[in-house]
Amino acid sequence: MAKPEGLTEDNETQFEDHFCNKLDVNGGFRVRHESKIDTDKELCIYFEDLEEFLESTQRDKLRALKEQFSVQWKEQFKQAFREALAEMPLFMVLKKGVQINELHFDLIYFKPERESNSAQQSLYKRNRYTAIRQWYFGKEVQNKSLDIVLSINGFVVVTIELKNQGTSGDYTKAIEQYLKRDLSLSIFQQPFLHIVCDNDTVKMAAAFGDPPSEKDFRDFNQELVNVPKNDREYPVHYLYDEILLPDSLLNYIKSYLYQGSGKSWIFPRYHQQRATRKVVNEIKKRVQETGELDVRFLVQHSTGSGKSNTIVWMAQNLRDVCVGDKSIFDSIVVLTDRINLDDQISKDFQ
């Protein structure tokens, strides 16, 4: 990639600076250097954010917890969180919350579909988003930190390894780094998305296989070749302009992620969420402007592109979409023209 005009340096640190600045400007992420904050490495929690979130949204319950356990309240919370993680992945724990004796704590609030739900809207706006730079882990001398991790309300949900072509290698070097690490550590088990990225190319892993391999990382590009939107941007700008913004992360947790086989889970590839988003947004726009719903779409796909999951995710998102306070759809019917697709899609819906 040609160096974006106006950038005085062309190295990985500059790329990381730009990446984090865009997360701040576009998504309201607070940017922190891991060396300057206190984080729990075992459970991948930034407790300052978590405590501020609980204080802002569930003050009475947090106060009751502190009265019960005094300075040990964090240990009680950690234990409840460990027990929840033993039963389900992090993204499900975030949706269900944790129970400590008679106290139930919500860990995340989603954007309400209905405009009149002002109470939920207020809680949703109190979610806290932080980009933590150089997250250190383990005791090994080499490859001991991740470039960026993203957290919601203190819980790390995404890890990112950046490379600047020409100085620190390309995305293949980042994949090598992941595979050389101890992937049994919590930082590689709990987050639902792991991204390797150079200036031009993005690949992602939802979870790592046993044994881990480069095949765990799948293409996550906009097109066959990513294109910068202007001469001051990188071709991978869509990560910090779209994919990693707060509303996108919340939507993944709410409407996309689901458990696969074993301890793995399924995360949408770029083209799957793009198809879903375009259809949902166009339908909502049409109903808002005309009050009518008389529209057809053709979604092209290739063999192995994951069309069954695209159908499932589209139905899930359409089920929730509202205009004002009214749901657009009362029911959604899925028709197929092949028996084997019928069976496959039924299993995916289940």
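**Close-up 1. S70, a residue between two helices.** In this predicted model, S70 counts as partly exposed, with a relative accessibility of 45%. Look for S70 in the loop that runs between α3 (59–69) and α4.

**Close-up 2. C44, a buried residue with a positive phi.** Here we're in the loop between β1 and α2, where C44 sits. C44 isn't a glycine either, and its phi is near 55°, a positive value. Is C44 buried or exposed? C44 counts as buried, because its relative accessibility is 1% and the cut-off for buried is under 20%.

**Close-up 3. D40 and K78, side chain to side chain.** D40 belongs to the loop between β1 (30–33) and α2 (47–57), while K78 is part of helix α4, residues 73–87. Their side chains make a polar contact at 2.8 Å. D40 is buried at 13% relative accessibility, and K78 is buried as well, with a relative accessible area of 13%. The side chain of D40 also reaches the backbone nitrogen of E42, at 3.2 Å. Who else is around? Setting aside residues up to four places away in sequence, D40 touches I45, F47, K78 and W135. With sequence neighbours within four places left out in the same way, K78 is in contact with D40, L43 and F47.

**Close-up 4. F77 and the largest nonpolar core.** This core has 69 residues, and F77 is listed with F19, V158, F192, L239 and L244 as having the most contacts inside it. Which residues does F77 contact, once neighbours within four places in sequence are left aside? They are F47, L50, L54, V98, I100, L107 and F155. As a bit of background, nonpolar side chains in soluble globular proteins tend to be buried together.

**Close-up 5. Y109 and its surroundings.** Y109 lies in the loop between β3 (103–105) and α6 (118–124). Y109 is buried, with a relative accessible area of 7%. Its side chain makes a polar contact with the side chain of D106, at 3.0 Å. Not counting residues up to four places away in sequence, Y109 touches F53, T57, Q58, Q120, L123, Y124, N127 and L250. Take T57 from that list: T57 and Y109 are 52 residues apart along the chain, and their C-alpha atoms are separated by 9.6 Å.

**Close-up 6. A cis peptide bond at P211.** D210 and P211 are joined by a cis peptide bond, with omega at about 5°. To find P211, go to the loop between β8 (202–205) and β9 (218–219).

**Close-up 7. Where α11 meets α12.** The axes of these two helices come within 9 Å and cross at roughly 35°, and the crossing is right-handed. On the α11 side you'll find Q272, A275, T276, V279, V280 and I283, and these meet N309, T310, W313, M314, N317 and L318 of α12. Sorted by class, the contact has seven nonpolar, five polar and no charged residues.

**Close-up 8. S302, in the loop joining those helices.** S302 is found between α11 (270–290) and α12 (307–320). S302 is partly exposed, with a relative accessible area of 46%. How far is S302 from Q68, 234 residues away along the chain? Their C-alpha atoms are separated by 57 Å.

Terms used: Residues numbered from 1 in each chain as written. Predicted model: local features only at pLDDT ≥ 70, side-chain atom pairs only at ≥ 80, totals over all residues. Heavy atoms only, no water. Core = buried A, V, L, I, M, F, W, Y, C linked by side-chain atoms within 4.5 Å. Buried < 20%, exposed > 50% of the residue type's maximum accessible area, 1.4 Å probe, protein only. Contact = heavy atoms within 4.5 Å. Helix = DSSP H or I, 4+ residues; strand = E, 2+ residues; numbered from the N terminus. Polar contact = N/O pair within 3.5 Å; in protein donor to acceptor, adjacent residues only side chain to side chain. Axes fitted to C-alpha atoms, helices over the stretch in contact; angles between N-to-C directions. Left-handed = near helix turned anticlockwise from the far one by under 90°. Nonpolar A, V, L, I, M, F, W, Y, C, P; charged D, E, K, R; others polar.
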